[in-house]
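Dear colleague,

Please find below the structure that I am handing over to you. My findings follow directly after it.

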Amino acid sequence: MSNQPAVPDKQVEHQHTDKGYVPVYTTAVVEQPWASYTAIDHDVWAQLFERQRALLVGRASDEFLVAQDAMGMTPDAIPKFDELNDILAKATGWTIVGVEGLLPELTFFDHLANRRFPVTWWIRKPEQLDYLAEPDLFHDLFGHVPLLMNPVFADYMAAYGRGGVKAHGIGPEALVNLTRLYWYTVEFGLIRQADGLRIYGSGIVSSKGESIYSLESDAPNRIGFDLERIMRTRYRIDTYQKTYFVIDSFEQLMQATAPDFAPIYARLAAQPSYPAGTVLDGDAVFHRGSGEGWSQDGDV
Ligand code: PHE
Ligand code: CO
């Protein structure tokens, strides 16, 4: 691994994205400056890892837990990307690449389409264990990378990348529809197992509060997956979600998203979006949220 000092932040500018008003970084792929992680960085990783793993047994999907074990991630130290890649590439052909932070959309889609998952190399500070406005190494590596070991989910992510390139070419409204799908599946998805609802979304598995809230709180809606419904539904970026969508399996997700989205985008362009907390007549409702504690504005 590299003995170079930590790569300085190469922040390009602030942009309004689906993650809020956040810095977008250079598109460059960077080598993980592993030797520059401090004892504090490794300790932040260890604390977060142990805390989340304890919470996620019985809450995260079996697929997630199995995949994370298979990758050999441990709390002992921040994993080396190279070592994870040896395992990941053999399993599903995915590799992870180091980046400074959020990427421009098209760059991000191109990585996914080519089975490269961009992972932010730096980790949050000890005072940010519970919340961080932008993705860091813990969110990306602990939250996103394990499911890339799952062959069906691995294919879904690559298909999403190709779909992103396509939607980008169609226009901004198509991208909004597609981004909602990413948000309500990859980031905040729930899955129905024989023994109950479980988490698979990365934004949930990397969050202590939302790991509990998404499954156990009365406040949010839990609704069966419906592609076009999701594409029309706004979401929250600064609070827990008002609605979670539940898939039956990754195979279902793969099948439902296989059709050409171009005609769907065209049709949805004429239709209004739904507020994040809405329950519709046609919804397959697992749980109708009480709405307790919801803020009235701020859906994006
Ligand atoms: N079928 C989608 C399209 O035609 C591509 C896609 C697949 C998008 C899986 C998201 C997830 O655009
Ligand atoms: Co994420």
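Among contacts in the chain between residues at least 6 apart in sequence, those joining residues at least 24 apart make up 70%. Please bear in mind that this is a predicted model.

The chain contains 12 helices and 9 strands. Its radius of gyration is 18 Å, which agrees with the value near 19 Å that a compact globule of 300 residues would have. The C-alpha trace spans about 60 × 40 × 35 Å along its principal axes. Of the 300 residues, 53% count as buried. The chain has an accessible surface of about 12,800 Å², and carbon and sulfur atoms account for 52% of this.

I turn now to ligand 1. Its surroundings consist of Y156, A159, Y160, G163, K166, L178, L181, T257, A258, P259, D260 and F261. By type, the shell around ligand 1 divides into 8 nonpolar, 2 polar and 2 charged residues. Two helices, α6 (151–170) and α7 (172–187), each supply at least two residues of this shell, and α6 gives the most, with 5 residues.

Several polar atoms of the protein lie by the ligand. In the side chain of K166, an N or O atom is 2.5 Å from an oxygen atom of ligand 1. A nitrogen atom of ligand 1 lies 2.7 Å from a backbone N or O atom of P259, while a polar backbone atom of F261 is 3.0 Å from an oxygen atom of the ligand. Taken alone, ligand 1 exposes 320 Å², of which the protein buries 92%.

With kind regards

Methods
Residues numbered from 1 in each chain as written. Chains lettered and ligands numbered in written order. Predicted model: local features only at pLDDT ≥ 70, side-chain atom pairs only at ≥ 80, totals over all residues. Heavy atoms only, no water. Near = heavy atom within 4 Å. Polar contact = N/O pair within 3.5 Å; in protein donor to acceptor, adjacent residues only side chain to side chain. Areas by Shrake-Rupley, 256 points an atom, 1.4 Å probe, with all protein chains shown as cover. Helix = DSSP H or I, 4+ residues; strand = E, 2+ residues; numbered from the N terminus. Nonpolar A, V, L, I, M, F, W, Y, C, P; charged D, E, K, R; others polar. Rg over C-alpha atoms; globule rule 2.2 N^0.38 Å. Buried < 20%, exposed > 50% of the residue type's maximum accessible area, 1.4 Å probe, protein only. Contact = heavy atoms within 4.5 Å.
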